[in-house]
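Subject: Handing over a structure, with notes

Dear colleague,

I am passing on the structure we spoke of, and below it you will find what came out of going through it. Please keep it open beside you while you read.

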Amino acid sequence: MTCVSQCAKYFLCFFNFVFFIAGGAALTVGIWLFVDRSSFTNLIGKLDQSDFLNQTDADVIQMIAYILILAGALTFIISFLGYCGAMFESRCLLCVYGILILLVLILECVVVGLAFGLKGDVEKGTQDFLKSTIAKYYASSGDKADTVTVAWDGIMSKLHCCGVENFRDFSENRNWTITGKTVPDACCIKENDVLKDPTCPINPTASNSYYQTGCYQAMMTAIEENAAIVIGVAATLVFVEVLVIILALYLACCYWRPQHACVDVSSRQAW
């Protein structure tokens with residue numbers, strides 16, 4: 001093998017080994033969560049000294065488990081094919097691996113195209129989904145800091161917003177409305193992590209909160225402001241996928257030629 005072939009081989013081996021380990025870890029955690037949620041959450045609670053996952057809604061944990069299993073299994077299988085194909089110089093595995101990565105790349109392009117082509121429907125669907133997380137899972141009391149609550153509080157505090165469209169999204173949460181609060185503390189303006197106006201959760205105004213600013217629009221604005229980073233990450237992802245496809249097919253061709261050459265030589269000697 002030439003120097004280029006050797007470099008391509010070891011790059012694919014290293015690249016796929018990393019994703020093989022990552023995919024296996026995600027798959028293991030997903031299966032663990034699905035089969036025995038309590039033991040996993042208890043372990044995490046001991047490690048970070050919190051009861052974070054135990055207080056998370058069972059449906060949310062189940063959804064996370066499904067996502068980890070699906071993503072982990074796909075990553076595990078594809079990276080396994082790539083690693084074995086490169087390490088054992090298998091043309092068949094390399095071709096299958098290259099085709100699978102190509103399908104992933106095509107699927108990503110299709111998703112992006114549909115997202116732009118059906119922008120209105122995608123935006124409405126996304127907003128409806130985000131609203132449903134508030135209506136179903138947002139905790140009504142401060143002592144129940146589950147995953148959804150912490151995530152929303154972090155978003156609202158960081159982006160200075162409230163709800164998906166505005167503070168009225170919290171009125172869809174029945175458990176929230178009985179507390180007498182209008183907005184969560186995360187929607188209020190804080191000074192040194194203390195509410196600027198203690199009455200803000202009950203009586204939010206433009207001067208003490210962000211109650212009229214929706215988080216969906218705030219997120220879109222943040223993405224637009226960091227468009228260069230988003231484009232850079234997307235371009236890097238596409239570049240790596242294309243590079244991997246080229247290297248896999250290149251190695252498949254390298255492994256193909258010598259074997260055919262041997263067949264031709266043997267045939268000539270026989271004659």
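A residue is called buried when its relative accessible area is under 20%, exposed when that value is over 50%, and partly exposed in between. Please bear in mind that this is a predicted model. Cysteine 95 has a relative accessible area of 31%, so it counts as partly exposed, whereas cysteine 84, with a relative accessible area of 10%, is buried. Cysteine 95 takes part in no disulfide, and the nearest cysteine sulfur, that of cysteine 92, is 7.1 Å away. For cysteine 84 the closest cysteine sulfur belongs to cysteine 13, and at 9.1 Å it is too far for a bond.

How many disulfides does the structure hold? There are three, and when the bonded cysteines of the protein are numbered in sequence order, they pair as 1-6, 2-3 and 4-5.

The sulfur atoms of cysteine 161 and cysteine 215 lie 2.0 Å apart and form one of these disulfides. The torsion about their S-S bond is about 95°, so this disulfide is right-handed. The pair links distant parts of the chain, 54 residues apart, with cysteine 161 in the loop between helix 6 and helix 7 (174–177) and cysteine 215 in helix 8. Both cysteine 161 and cysteine 215 are buried.

Cysteine 162 and cysteine 187 also form a disulfide, with 2.2 Å between their sulfur atoms, and with 85° about the S-S bond this link is right-handed. It joins distant parts of the chain, 25 residues apart: cysteine 162 is in the loop between helix 6 and helix 7, and cysteine 187 is in the loop between helix 7 and strand 1 (190–191). Cysteine 162 and cysteine 187 are buried.

In the disulfide of cysteine 188 and cysteine 200 the sulfur atoms are 2.0 Å apart, and the link, with -95° about the S-S bond, is left-handed. Cysteine 188 lies in the loop between helix 7 and strand 1, and cysteine 200 in the loop between strand 2 (194–195) and helix 8, so the pair ties together parts that are 12 residues apart in sequence. Both cysteine 188 and cysteine 200 are buried.

Helix 8 (residues 215–225), where cysteine 215 is found, has Cys215, Tyr216 and Ala218 as buried residues. Seen down the axis of helix 8, these buried residues fall within an arc of 160°, so they line one face of the helix. The face turned away from that buried side carries the exposed residues Gln217 and Glu224. What covers the buried residues of helix 8 includes helix 5 (119–137) and helix 6 (147–159). Glutamate 123 has its place in helix 5, and with a relative accessible area of 27% it is partly exposed. Glutamate 123 and tyrosine 216 are 93 residues apart in sequence, but 9.1 Å apart in space, C-alpha to C-alpha.

Finally, there is a nonpolar patch on the surface, formed by Ile99, Leu102, Leu103, Ile106, Val110, Leu114, Leu118 and Val122, which together have about 670 Å² of accessible area. Its largest share, six residues, comes from helix 4 (residues 91–117). Isoleucine 106 has its place in helix 4, and at 43% relative accessibility it counts as partly exposed.

With best wishes

Technical notes. Residues are numbered from 1 along each chain as its sequence is written. This is a predicted model: local features need pLDDT of at least 70, side-chain atom pairs count only at pLDDT 80 or more; totals for chains, interfaces and linings use all residues. Side-chain values use heavy atoms; hydrogens and water are left out. Patches are made of residues with over 30% relative accessible area and no salt bridge: like charges are joined within 9 Å, nonpolar side chains (Val, Leu, Ile, Met, Phe, Trp, Tyr) within 5 Å. Accessible areas come from the Shrake-Rupley method with a 1.4 Å probe; for residues, only the protein chains shown count as cover. A salt bridge is a side-chain nitrogen of Lys or Arg within 4 Å of a carboxyl oxygen of Asp or Glu. Helices (H or I, at least four residues) and strands (E, at least two) are DSSP runs, numbered from the N terminus. Buried means under 20% relative accessible area, exposed over 50%, partly exposed in between (1.4 Å probe, protein chains only). The arc is that of the directions from the helix axis to the C-beta atoms. Contact means heavy atoms within 4.5 Å. A disulfide is a pair of cysteine sulfur atoms within 2.5 Å.
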